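Trainee: Could we go through this model together? I would like to begin with the strands and then move to other topics.

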Amino acid sequence: MASADRDDQRFVEIIGVPIEAGAGHPGALMGPAALRTAGLVRALRELGHEVRDLGDLTPDPWSDGDAATARLAEITAWSRALADRSYAMMQAGGVPVFLGGDHSLSMGSVTGVARHCREAGKPLFVLWLDAHGDFNTPHTSPSGNMHGMPVALLCGEDGFDDVFPPEQRATVNPAHVHLFGIRSLDPGERRLLRARGVDVVDMRLIDEHGVGVHMRRIIERVRHAGGHLHVSLDVDFLDPAIAPAVGTAVLGGATYREAHLIMEMLHDAGVVGSLDVVELNPFLDERGKSALLLVDLVASLFGRRIIDPAVTQSQIGGQAV
């Protein structure tokens, strides 16, 4: 049976963020329930962690208008509520896990984490596991869907001034953002990413060098700075053959073992302090296949392994394994 190090137990707080206003397809609001049904809380408790499930976030009511205005008002309400809750969860000293919901939720989750890190004097790094760059702005986005804009907002790009009031606003240094697994960029965001110096590890680089080389580089950057790493895991980071439950599927994504290796390396490094799991759309899933895989990946991030690496060959009788 897979196990975790018993001396590596964490206090984990989980909150659902059932938002889909930022996406182009309905269904992501069911994501938190699907992840719970797939056994996320149970998996983390079986690894020895203290887990508190806070239920689902409820934002303040927002004003209606035309479709575009109503969507922006809804996302703003969710973002503000989540930024406050994220900050409070960080202040509590645990590891917050945010269950989505579409990727626009990261506007709130990472803003709260950034505010905490700023006050603590701890550099914040973001690992964005995604098929897309999510660096569009309202001026560059071909679709207008805000789940393609959170990284731009977090890095302080123009066009998002009304989302957060000044007392909530906290940005991320673009040089501390690592987009990983990218295979679809719009022309406008490609130009912005180059101009801002964001680190982009696309699938070509992963194919050429493997995930291990690039993950070690990112981990060492965070370690050297004594930083906090926030991981934002989008279902479409994975190849749709193994995780079909996403409305923005792009062929050629991460394989099962590539994804697990990333999570295992992150756990061993001990640098991850917060996590998003987003864009799971159960309406598009196949018998819970994607939700179950995501639960397994989160378990790997929190220490699930087949055998303790401290067990040597001599300790198991000197026989090759």
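Mentor: Strand β7 (residues 228-234) and β8 pair in the parallel sense over 6 bridges. Two strands count as paired if DSSP finds at least two bridges between them. Helices (H or I, at least four residues) and strands (E, at least two) are DSSP runs, numbered from the N terminus.

Trainee: Which residue is the bridge partner of Ser232 in β8?

Mentor: The bridge partner of Ser232 is Asp276. The chain passes from β7 through helix α9 (residues 256-269) to β8, and this β-α-β crossover is right-handed. Right-handed means that, with the strands pointing away from the viewer, the path from the first strand over the helix to the second runs clockwise.

Trainee: Which other strand pairs with β8?

Mentor: Strand β3 (residues 95-100) pairs with β8 in the parallel sense, over 3 bridges. There, Leu99 stands opposite Val277.

Trainee: Why is β8 described as largely enclosed?

Mentor: Because 7 of the 7 residues of β8 (residues 272-278) are buried, the strand is largely enclosed by the rest of the structure. Buried means under 20% relative accessible area, exposed over 50%, and partly exposed in between (1.4 Å probe, protein chains only).

Trainee: Before we continue, what kind of model is this?

Mentor: It is a predicted model, in which local features need pLDDT of at least 70 and side-chain atom pairs count only at pLDDT 80 or more, while totals for chains, interfaces and linings use all residues. Residues are numbered from 1 along each chain as its sequence is written, and side-chain values use heavy atoms, with hydrogens and water left out.

Trainee: What is the mean pLDDT of the protein?

Mentor: The mean pLDDT is 92, and 93% of the residues reach 70 or more; pLDDT is the predictor's confidence in each residue, from 0 to 100. Over residues 311-321 the pLDDT is below 50, and this stretch has 6 contacts in the model beyond near neighbours in sequence. Contact means heavy atoms within 4.5 Å.

Trainee: Back to the strands. Is β5 mostly covered or mostly open?

Mentor: Strand β5 (residues 177-182) is mostly covered, with 6 of its 6 residues buried. β5 pairs in the parallel sense with strand β4 (residues 124-129) over 4 bridges, and Leu129 has Phe180 as its bridge partner in β5. β5 also pairs in the parallel sense with strand β6 (residues 199-202), over 4 bridges. In that pairing His178 stands opposite Asp199. A right-handed β-α-β unit is made by β5, helix α6 (residues 187-196) and β6.

Trainee: Which residues touch the most other members of the largest nonpolar core?

Mentor: Phe180, Leu266 and Phe302 do, out of 56 residues in that core. Helix α10 (residues 289-301) gives the most to this core, with 8 residues. Apart from it lies another core, of 41 residues, among them Ala21, Leu82, Met89 and Phe98. A nonpolar core is a set of buried Ala, Val, Leu, Ile, Met, Phe, Trp, Tyr and Cys residues joined through side-chain atoms within 4.5 Å.

Trainee: And His214, where is that found?

Mentor: His214 is found in helix α8 (residues 211-225) and, at 8% relative accessibility, counts as buried. Leaving aside residues up to four places away in sequence, His214 touches Phe180, Val201, Leu205 and His209.

Trainee: Changing topic: where is the cis peptide bond?

Mentor: The cis bond joins Gly100 and Gly101, with omega about 15°. Gly101 lies in the loop between β3 and α4 (106-120). Most residues other than glycine have a negative phi, and most peptide bonds are trans.

Trainee: What is the phi of Glu279?

Mentor: Phi of Glu279 is near 70°, a positive value in a residue other than glycine. Arg287 also has a positive phi, near 55°. Glu279 is found in the loop between β8 and α10, and Arg287 lies in the loop between β8 and α10.

Trainee: Are they buried or exposed?

Mentor: Glu279 counts as buried, at 5% relative accessibility, whereas Arg287 counts as exposed, at 85%.
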